[in-house]
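Please look over the sequence and the model shown below before reading on. The paragraphs that follow move from one part of the fold to the next.

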Amino acid sequence: MKTIKISSFPPGKDIKKFKNLGEIRSKIINKTDPDLIPVEFNVKKLATKLHPGTQKLIIKNIVEMSSDLKIFYFAAADKESLATFRPGQYITLLFNINNNVLSRTYSLSSSPKEALDNVYRISVKRHTNGLVSNYILDNLNIGDMVLSLAPSGDFYPSTIRDMKSIVGITHDEFVSPFVSMAKAINDGYLNKDITIFYLSHTNEFVYKYELEELAKNNSNIKVLFINSNDEEVNNITASLIKSQVTAKFTAFCFGNYEFYDYINNELSVLNLGLKNLRFESYPIYQKSINDSVTPADVVEIQEELPKKRGRKKKKNEEENTEAEESTVQPTEIQESVEIPLPKVYKIKVFSQDEEYNIICVENQTILSALESNNIPARSRCKNGKCGYCRSLLLWGTVRIEEGLDKRRKADIKFNYIHPCCTYPTSDITIKIDI
């Protein structure tokens, strides 16, 4: 059998070339341009412009629709244009309120073209116990600076995934992403047709005049304003949609969870499937307000009623109250009262070189506990979808609401969690990135 010898260097001239490699390299280097290599390449400049880490915004205008709703116009404070976005996406505003590091997402109602002209627009509605919304409405003025993360989210029409015909289903203040979509269609940025079913429970429609003008001037845009006058009634029906849209369509729905339940049930007869029935994820900090507290420890309270004290009664007073006095037992009365209280857990937090020790109630998200204790933590979508707040669970147990666990399989395997939608079920230790 013939033996084949394997050599690192094949015979011939290649060995000579290898020996002279240093000389060959020197000749090549000497032929190059003497100018320095650019510190930043054009592709990196473009990427930074499209996807900046943060943006410093300045409030250019405020339109007061009512005492509980305002429209804010922003511009870039330190450059000529803002990061562009897809119609339907949101921005995340960052605040420090009463030593609480907070972030909140707001859907953009402006168009991508306006971002190139240095304009972002959002609307802010007051909510009961809404710390950030109340702060924005009551404290921010024209000229104030706000820090924002770059636009994000996947609630936008795709030329590949979605139908040519888009149906927008929304109510009250949740109309912003559909205004952005309509404006993008009108600007020629988005090649779609859109029919917006806009329900109001108060007969107040945000951006009504603007939507009417867009529909009037562009045949690819149709808007139906539907008034309910009842918070419990959602009268957008499958038959109404079918009467207005004859082509196959992709439905986009944005509202609160009760509205989602109604629409999901109502449109089930259309058999749209997951691909063509899209729901914008609703931030957990809104949903958690109505979350029921899971069974907790019962605290026994022993209440002791004090003995009566006062001046000594006169003889005639004693006679008038004799019957009443006879029914009273001057003794201690013990009453057992059961009060369900949520459990409180300890959280140890490692962040860079810092260590924090805080507490978290069982029906409070871990991210909310971090924010309440002024611990800087990454957050964006507030619903577990984007993974921006991804953190390592070093010890302990947690729970996630059904349907909200959007983690990758690898993250689940190696104990990574999304604090924005995760609740403790024991004392825990976590490591966060900032």
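Predicted model: local features only at pLDDT ≥ 70, side-chain atom pairs only at ≥ 80, totals over all residues.

Asp 172, found in the loop between E7 and helix H6 (176-186), has a positive phi of about 50° although it is not a glycine. With a relative accessible area of 13%, Asp 172 falls under the 20% limit and therefore counts as buried. Tyr 207, in the loop between E8 and H7, likewise is not a glycine and has a positive phi, here of about 65°. The relative accessibility of Tyr 207 is 6%, so this residue is also classed as buried.

The side chains lead on to the nonpolar cores. The largest nonpolar core has 45 residues, and those with the most contacts inside it are Ile 169, Ile 236 and Leu 267. Helix H6 gives this core its largest share, six residues. Leu 267 is in contact with Ile 169, Ile 241, Ala 251, Leu 272 and Leu 277, when its neighbours within four places in sequence are left aside. Apart from this core lies another, of 24 residues, and among them are Leu 82, Tyr 120, Ile 122 and Val 132.

Ile 122 also has a place in a second sheet, where Phe 72 stands opposite Ile 122 in E5. Strand E2 (residues 69-76) and E5 run antiparallel and are joined by six bridges. The sheet that holds them is open, has six strands in the order E4-E3-E6-E1-E2-E5, and is paired in antiparallel fashion. Strands E4 (100-107) and E5 (120-125) stand at its edges with a single partner strand each, which means that one side of each has no neighbour in the sheet. On average, neighbouring strands of this sheet are turned by 40° against each other, direction ignored. Helix H5 (residues 131-139) packs on the sheet and touches E2, E3 (90-97), E4 and E5, while its direction makes about 80° with that of E4.

Another place to look is around Thr 422 in strand E19 (residues 422-424). Thr 422 has a relative accessibility of 0% and so counts as buried. Its contacts, not counting residues up to four places away in sequence, are with Gln 364, Thr 365, Ile 366, Val 398, Arg 399, Ile 400 and Ile 417. The side chain of Thr 422 also reaches the backbone oxygen of His 418 at 2.6 Å.

His 418 itself lies in the loop between strand E18 (416-417) and E19, and at 4% relative accessibility it is counted as buried. With neighbours within four places in sequence left aside, His 418 is in contact with Gly 384, Gly 387, Cys 389, Arg 390, Lys 406 and Arg 407. The C-alpha atoms of His 418 and Lys 385 are separated by 8.6 Å, although the two residues are 33 residues apart along the chain.

A view of the whole chain can close the tour. The protein chain has 14 helices and 20 strands, and buried residues make up 40% of its 434 residues. Among its contacts between residues at least 6 apart in sequence, 72% join residues at least 24 apart. The chain exposes about 26,200 Å², of which carbon and sulfur atoms supply 51%.

Methods: Residues numbered from 1 in each chain as written. Heavy atoms only, no water. Pairing = 2+ DSSP bridges. Helix = DSSP H or I, 4+ residues; strand = E, 2+ residues; numbered from the N terminus. Axes fitted to C-alpha atoms, helices over the stretch in contact; angles between N-to-C directions. Contact = heavy atoms within 4.5 Å. Buried < 20%, exposed > 50% of the residue type's maximum accessible area, 1.4 Å probe, protein only. Polar contact = N/O pair within 3.5 Å; in protein donor to acceptor, adjacent residues only side chain to side chain. Areas by Shrake-Rupley, 256 points an atom, 1.4 Å probe, with all protein chains shown as cover. Core = buried A, V, L, I, M, F, W, Y, C linked by side-chain atoms within 4.5 Å.
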